[in-house]
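Welcome! Please take a moment with the sequence and the 3D view before reading on.

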Amino acid sequence: MVRETRSGPRFSERFPEKFSEFGKRKPVEDGIVARSRRGGIGESWWSGRFLAVLEELGVGGRLSRGRTYARAGQVVDLVIAPGAITATVQGSRDEPYRARIGLRRFADEAWDAVLDALAADSWYAAALLAGEVPDDLEDVLARVGLSLFPQGSAELPMDCSCPDWSVPCKHLAAVAYLAAEEFDVDPFALLRWRGRDRATLLAALRDRRDAGAGAPTALGELLDRFHRPGVPVPGPPERPASAPAPPSDALLDELPPLTLDDGTDAREVLRPLYRRLGEPTDGAVG
């Protein structure tokens with residue numbers, strides 16, 4: 001018995017715009033290449049948490065398709081700005097695609113509540129100044145009714161100009177992986193995505209501490225955070241050559257006002273010396 005088949009145009013003929021996307025991707029010169037060459041991506045708790053949130057939202061299985069794109073350097077550029085991560089991704093077509101991963105920014109009033117909570121404990125300001133995101137920062141935000149990471153798919157809109165119907169497509173997935181690695185290098189990029197860049201955040205913390213918004217924390221209360229037996233002390237996060245180094249006088253901004261007898265703030269007296277010490281040298285001695 002021979003089964004009759006219905007004749008008709010092939011899938012590639014019915015949807016040529018989709019079929020073309022399944023072709024071989026075009027190579028990119030000087031694309032952004034993931035530092036991780038095998039295995040998982042994301043080294044810090046905050047980048048791992050970001051990717052875990054995507055999996056919790058039901059898109060984790062589709063993320064793996066973008067890992068190859070991220071490691072092949074198909075992402076031409078990537079910008080993490082308040083409210084959106086935008087990128088250009090090269091697929092199989094001549095024209096690269098535009099991809100965007102959105103995130104609701106905290107309102108000014110919400111940021112005020114966050115800054116007040118951070119200023120109330122000098123540990124958080126010190127950790128942020130050192131380029132770290134305290135591992136209990138999520139708890140701090142939760143106490144003021146906020147979450148550092150998206151709580152649902154409605155809070156994380158994604159779109160790409162490619163013809164793929166799935167969300168995230170492999171282009172968006174590649175952007176997510178590279179964003180996670182950027183969070184490893186610069187944890188302040190995660191806070192910037194929520195609406196506050198490093199300079200603005202630390203300046204606001206300094207203002208609150210100078211105004212006495214936060215009382216000094218007793219050293220004994222910080223010892224359990226400083227080091228736990230058996231847990232290695234992490235080194236500073238790796239920073240790409242293009243990323244600016246923290247200012248050499250940044251530590252002074254974390255000190256309370258130090259008023260001398262003549263009314264001068266000792267921090268400003270010391271600032272030129274700190275900046276001088278932070279200048280690169282040619283290796284000469286004496």
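Here is a short tour of the chain, its core, its salt bridges and its surface.

This is a predicted model, in which local features need pLDDT of at least 70 and side-chain atom pairs count only at pLDDT 80 or more, while totals for chains, interfaces and linings use all residues. Residues are numbered from 1 along each chain as its sequence is written, and side-chain values use heavy atoms, leaving out hydrogens and water.

**The chain as a whole**
- You will find 12 helices and 4 strands in the chain; these are DSSP runs numbered from the N terminus, with helices (H or I) of at least four residues and strands (E) of at least two.
- Of the 286 residues, 40% are buried, where buried means under 20% relative accessible area, exposed over 50%, and partly exposed in between (1.4 Å probe, protein chains only).
- Contact means heavy atoms within 4.5 Å; among contacts between residues at least 6 apart in sequence, 71% join residues at least 24 apart.

**The nonpolar core**
- The largest nonpolar core has 60 residues, and Phe50, Ile101, Phe183 and Trp193 have the most contacts inside it.
- Helix 8 (residues 170-185) gives this core its largest share, 10 residues.
- Such a core is a set of buried Ala, Val, Leu, Ile, Met, Phe, Trp, Tyr and Cys residues joined through side-chain atoms within 4.5 Å.
- Leaving aside residues up to four places away in sequence, Ile101 touches several residues, including Leu156, Leu172, Val175 and Trp193.

**Salt bridges**
- The count comes to 12 salt bridges, each a side-chain nitrogen of Lys or Arg within 4 Å of a carboxyl oxygen of Asp or Glu.
- One of them pairs Asp159 with Arg100, with the closest N and O atoms 2.8 Å apart.
- Asp159 sits in strand 4 (residues 158-160) and Arg100 in strand 3 (residues 97-102), so this pair ties together parts 59 residues apart in sequence.
- Another joins Arg208 to Asp116, at 2.7 Å between the closest N and O atoms.
- Because Arg208 belongs to helix 10 (residues 198-210) and Asp116 to helix 5 (residues 108-119), the pair ties together parts 92 residues apart in sequence.
- Arg208 is buried at 18% relative accessibility, whereas Asp116 is partly exposed at 43%.

**Helix 12**
- Glu268 and Arg271 both lie in helix 12, 3 residues apart, about one turn of the helix.
- These two form a salt bridge, with the closest N and O atoms 3.0 Å apart.
- Leu270 also lies in helix 12 (residues 266-277) and is partly exposed at 34% relative accessibility.
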